[in-house]
Amino acid sequence: MNDSDFDPIPGVAEWLEPGVRRVLAPNPSPMTYRGTNTYIVGQGRVAVIDPGPALPDHMRAIQAALEPGEVITGILVTHSHVDHSPLAAPLAAATGAPVHAFGDSLAGRSAAMESLASQGLTGGGEGVDFGFAPDEFLADSAIVDGDDWQIRALWTPGHFGNHLSFAFGDAVFTGDTVMGWASTMVSPPDGDLGAFLRSAAQLAATDARVFYPGHGAAIARPRARAEWLIAHRNRREAEILAHLDGAGTDIATLTRTIYHDVPVALLPAAERNVFAHLIDLHAKQRVQAEPHLSYAA
């Protein structure tokens with residue numbers, strides 16, 4: 001399926017393959033596409049991946065997607081943006097299932113991002129669920145088991161410091177790290193481009209059969225999509241370098257020059273992407289920041 005054809009009915013469970021159901025949350029937006037994909041893994045004693053925003057209708061839809069006698073025994077969260085994690089706590093309270101994640105919303109940040117945050121820089125994009133607190137902390141390669149399923153956590157920071165992907169056999173739930181409908185937003189200090197490129201390469205190397213993303217349709221050519229995202233970022237880096245001059249250039253000017261066909265409403269997000277590239281170039285010692293690395297659009 002192409003993402004242009006992806007238009008499931010929110011709240012209606014759809015079997016994608018044996019052991020995998022998807023329930024679309026009713027939160028479409030320019031950042032979330034048709035909405036957040038909530039996945040139910042297994043049968044009988046099941047896991048829920050990315051319960052989504054704290055919407056009562058979506059809570060009811062997840063519970064209605066269960067077959068008679070099924071119970072939720074684990075809630076797994078890819079990352080704590082407000083379109084992925086807020087329903088975790090209410091769902092846990094209703095079911096008694098623990099919430100599993102890499103950590104809270106500050107977990108996984110690099111030293112460079114910690115420095116920017118200490119200067120007052122806050123994240124953009126979907127918004128951060130600062131109240132998120134998992135019951136169980138999943139390290140990279142940690143395993144969560146069920147009756148007929150086993151899920152392995154893959155730490156894939158870049159879009160967000162605490163971002164996990166989840167391997168289920170030869171399928172990988174990629175959250176917002178790899179999506180088909182759009183390239184991934186990287187908004188410092190929560191987003192880190194160097195980490196994103198490493199995570200995309202890690203996912204490309206998994207030899208997965210399919211990626212199930214946090215938004216949009218399943219990705220049938222996962223390695224090709226992950227490699228495209230890396231190539232896309234490399235092309236963007238080349239564009240930025242080509243438009244930098246010796247006298248210095250500010251982020252807003254660079255953004256308007258490079259993203260000349262982007263709607264005005266999306267320019268702030270584009271500026272964050274440019275800033276993410278500049279941070280990465282600074283780390284590679286290919287650009288200099290004067291007087292020091294900071295954000296000034």
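I began with how angles are named: those under 35 degrees count as roughly parallel, over 145 as roughly antiparallel, 65 to 115 as roughly perpendicular, and the rest as oblique. The model I opened is a predicted one, in which local features need pLDDT of at least 70 and side-chain atom pairs count only at pLDDT 80 or more, while totals for chains, interfaces and linings use all residues. Residues are numbered from 1 along each chain as its sequence is written, and side-chain values use heavy atoms, with hydrogens and water left out.

**Entry 1**

I took helices (H or I, at least four residues) and strands (E, at least two) as DSSP runs, numbered from the N terminus. Axes are lines fitted to C-alpha atoms, for helices over the stretch in contact, and angles run from 0 to 180 degrees between N-to-C directions.

I looked up α6 (residues 251–258) against α7 (residues 267–283) and found a packing angle of about 110°, with the axes 9 Å apart. The two helices are therefore roughly perpendicular to each other. Counting contact as heavy atoms within 4.5 Å, I listed Ile-251, Ala-252, Leu-254 and Thr-255 on the α6 side, meeting Leu-267, Ala-270, Glu-271, Val-274, Phe-275 and Leu-278 of α7. By class this contact has 8 nonpolar, 1 polar and 1 charged residues, where Ala, Val, Leu, Ile, Met, Phe, Trp, Tyr, Cys and Pro count as nonpolar, Asp, Glu, Lys and Arg as charged, and the others, Gly among them, as polar.

I then turned to α5 (residues 222–243), whose axis comes within 10 Å of that of α7 and crosses it at roughly 85°. This pair, α5 and α7, is therefore also described as roughly perpendicular. From α5, Arg-233, Arg-236, Glu-237, Ile-240 and Leu-241 meet Asn-273, Val-274, His-277, Leu-278, Asp-280 and Leu-281 of α7, and the residues of this contact divide into 5 nonpolar, 2 polar and 4 charged.

Not counting residues up to four places away in sequence, Asp-280 touches Leu-193, Gly-194, Leu-197 and Glu-237.

**Entry 1: the five-stranded sheet**

I followed an open sheet of 5 strands in the order β8-β9-β10-β11-β12, with mixed pairing; two strands pair if DSSP finds at least two bridges between them. The edge strands are β8 (143–145) and β12 (210–213), each of which pairs on one side only, and the twist averages 25° from one strand to the next. Helix α4 (residues 193–204) packs on this sheet, touching β9 (150–155), β10, β11 and β12, and its direction makes about 145° with that of β9.

I next traced β10 (residues 164–168) and β11 (residues 171–175), which run antiparallel and are joined by 3 bridges. They form a hairpin with 2 residues between them, and Gly-169 in the turn has a positive phi of about 60°. Phe-168 has Ala-171 as its bridge partner in β11, and Ala-167 has Val-172. On to β12: β11 and β12 run parallel with 4 bridges between them, and Gly-175 stands opposite Pro-213 in β12.

How many of the 5 residues of β11 are buried? I counted 5 of the 5, so the strand is largely enclosed by the rest of the structure. Both faces are covered, with Ala-171, Phe-173 and Gly-175 buried on one side and Val-172 and Thr-174 buried on the other.

Ser-165 lies in strand β10 and counts as buried at 0% relative accessibility. Its side chain makes a polar contact with the side chain of Thr-156 (2.9 Å); such a contact is a pair of N or O atoms within 3.5 Å, and within protein one must be able to donate a hydrogen and the other to accept it, with residues adjacent in sequence counting only if both atoms are side-chain atoms. Among the residues that Ser-165 touches, leaving out those up to four places away in sequence, I noted Arg-152, Val-172 and Leu-203.

Leu-91, which I located in helix α2 (residues 88–95), likewise counts as buried at 0% relative accessibility. Beyond four places in sequence, Leu-91 touches Val-48, Pro-51, Met-59, Ile-62, Ile-72 and Ile-75. The C-alpha atoms of Leu-91 and Met-59 are separated by 7.0 Å, with the two residues 32 apart along the chain.

How values were computed
Buried means under 20% relative accessible area, exposed over 50%, partly exposed in between (1.4 Å probe, protein chains only).
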